[in-house]
Amino acid sequence: MRRNALIAVLCALAASGCGGSVEQALFGTGRPAEGQVGFVRGFLGGVAADEPRAVLAGRDILSAGGNAVDAAVAVGFMLGVTLPSRASLAGGGVCLAFDPRRNETLSIEFLPGAPGTILPGTDRPAALPGTPRGLFALHARLGRLPFERVVAPAEQAARFGTPASRALASDLAAVWAPLSADPQLRSVFGGPGGAAPLREGEEIVQPELANLIGVIRRQGIGEFYQGALARRFVEATAAAGGAVTLEALRGTLPRAGRAASVPLGSDRVEVAAVGGSAGAAVMLRELRARKSPAEAEQAALDAAAAVRAGTPPEVLLAGAAPAGGALPAVLGATTGFAVLDRDGQAVVCAMTMNNLFGTGRMAPTFGLILAAAPGVGAVPPALPSLLMVTNENLRAFRLAAVASGGASAPVALGAVAARALAGEAAPAALAARRSFRGAEDRTSRVNLIHCTRYLPGSNASCSWAADPRGHGLALGAD
């Protein structure tokens with residue numbers, strides 16, 4: 001009887017209009033569903049960043065069917081867990097996102113700004129956090145997967161722990177003496193006894209940060225800026241000596257619009273309205289015009305300073321001589337990443353805390369390292385340096401790159417982009433020797449994705465690389 005019943009079931013399944021085989025109907029296809037890692041096979045695109053586990057998170061989102069924006073948001077949140085020295089969720093940044101469907105490049109600026117009013121009792125002024133709203137705004141415009149899906153990897157990494165990367169261990173070692181004065185930071189990032197910082201490979205568990213990301217995932221970004229969570233955060237910043245007001249927190253909004261651009265042969269160079277981005281574009285233009293490296297470098301630094309002083313980047317990109325402003329000797333620490341998906345959507349972001357580990361203090365019960373308020377005391381604003389190259393006629397992507405390293409960043413970025421556009425694959429363009437102010441450049445770090453024959457177009461022409469001078473990673477699948 002059982003045998004007859006099984007035969008009847010098989011016959012019914014075979015006769016049904018389900019469109020699959022009996023084996024598939026009974027046992028499933030074995031293929032992951034959309035939103036699960038492995039859903040997409042073959043060419044995924046690529047991810048390049050300064051911290052390897054953030055790259056893995058972005059690559060997994062691409063593999064799960066997410067687009068470049070989904071992966072970029074996952075990378076941005078994960079950096080807040082794995083590289084909070086430069087990209088805490090209390091910090092900020094700026095992104096460029098090319099959408100081949102609309103054939104336009106979006107610029108979203110959400111840098112960590114000064115609070116406006118320094119409240120009594122504040123000894124280390126904290127910046128207003130831009131990252132949560134900035135990345136959410138990017139996702140709301142161009143994302144594909146649900147927002148809660150793309151932030152979940154960061155929550156899991158914070159809750160269950162992740163090994164300290166070489167990038168984080170290096171930053172910890174550089175400033176451990178003053179950083180360890182904060183007992184919360186010492187308890188999270190210190191080794192046994194807290195006398196020394198965590199070393200590469202040692203586990204970091206951040207339950208308070210995981211709880212925060214969990215609340216954002218469940219209740220939305222608005223809760224962090226204007227709900228009960230916002231009021232608690234204001235109290236926490238005061239306890240950490242960097243008080244911000246609820247009104248200022250509510251008013252912290254990203255600025256979005258079309259990127260400034262300038263023709264470069266048949267392509268277009270797209271930049272954000274920040275000094276490093278304009279400086280890199282000017283460096284690239286001058287090198288392509290066969291100016292000497294020294295002349296191009298000076299033009300790039302002058303352009304970066306002019307934009308910081310208020311000159312619109314469009315004016316400089318049109319060929320006007322830079323005027324006004326000067327770059328300080330020391331600039332805030334940054335990090336960056338680039339993402340490309342299989343359809344040619346691309347995102348490049350620069351993130352910052354305006355100082356390595358921001359204020360050097362953690363907001364109690366939040367697990368957030370507070371970013372330093374820019375322009376207050378000895379904390380100059382950072383110099384985000386990023387650019388994109390696209391082709392309007394082909395509706396296609398060609399290059400995305402981002403650099404860190406203070407004043408050397410826009411110079412290195414322009415030089416690397418020039419080599420890539422001359423035909424070099426990403427690893428070779430990054431491995432070449434670079435100079436800055438007459439000496440070998442040892443401070444800049446560039447992440448690059450490049451498709452010599454554009455995307456959509458030729459998958460095989462795409463390459464991605466993280467700077468060999470740093471501790472990053474570049475991954476993809478083809």
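Modeller: Gladly. C462 counts as buried, at 9% relative accessibility; buried means under 20% relative accessible area, exposed over 50% and partly exposed in between, with a 1.4 Å probe and protein chains only. A word on the source: this is a predicted model, where local features need pLDDT of at least 70, side-chain atom pairs count only at pLDDT 80 or more, and totals for chains, interfaces and linings use all residues. Residues are numbered from 1 along each chain as its sequence is written, and side-chain values use heavy atoms, with hydrogens and water left out.

Colleague: Which cysteine does a disulfide join to C462?

Modeller: The general idea is that a disulfide is a covalent bond between the sulfur atoms of two cysteines. The rule here asks for a pair of cysteine sulfur atoms within 2.5 Å. In this structure the partner of C462 is C451, at 2.0 Å from S to S. The torsion about their S-S bond is about 105 degrees, so this disulfide is right-handed. C451 sits in strand 17 (residues 445-455) and C462 in strand 18 (residues 462-466), 11 residues apart, and the pair links distant parts of the chain. C451 is buried too, with a relative accessible area of 0%.

Colleague: How are strands and helices picked out?

Modeller: They are DSSP runs numbered from the N terminus: helices are H or I with at least four residues, strands are E with at least two.

Colleague: How many disulfides does the rule give?

Modeller: The count comes to two. In the other link, the sulfur atoms of C95 and C349 are 2.0 Å apart. C95 is buried at 1% relative accessibility, and C349 is buried at 0%. With the bonded cysteines numbered in sequence order, the pairing is 1-2, 3-4.

Colleague: Which strands does strand 10 pair with?

Modeller: Strands pair if DSSP finds at least two bridges between them. Strand 10 pairs in the antiparallel sense with strand 2 (residues 92-99) over seven bridges, and V347 is the bridge partner of A97. Seven bridges also join strand 10 to strand 9 (residues 334-341), again antiparallel, with F337 opposite C349. Strands 9 and 10 form a hairpin with four residues between them, and G344 in the turn has a positive phi of about 95 degrees.

Colleague: Is strand 10 mostly covered or exposed?

Modeller: Strand 10 (residues 346-352) is mostly covered, with seven of its seven residues buried. A346, V348, A350 and T352 point one way, and V347, C349 and M351 the other way.

Colleague: In what order do the strands of the six-stranded open sheet come?

Modeller: The order is 7-8-13-14-17-18, with antiparallel pairing. Strand 7 (260-264) and strand 18 are the edge strands, each pairing on one side only. Strand 7 and strand 8 (residues 267-271) share five bridges, and A260 has V271 as its bridge partner. Helix 14 (residues 275-288) packs on the sheet, touching strand 7, strand 8 and strand 13 (385-391); contact means heavy atoms within 4.5 Å. Helix 17 (residues 408-421) packs on the sheet as well, touching strand 7, strand 13, strand 14 (396-404) and strand 17.

Notes
Axes fitted to C-alpha atoms, helices over the stretch in contact; angles between N-to-C directions.
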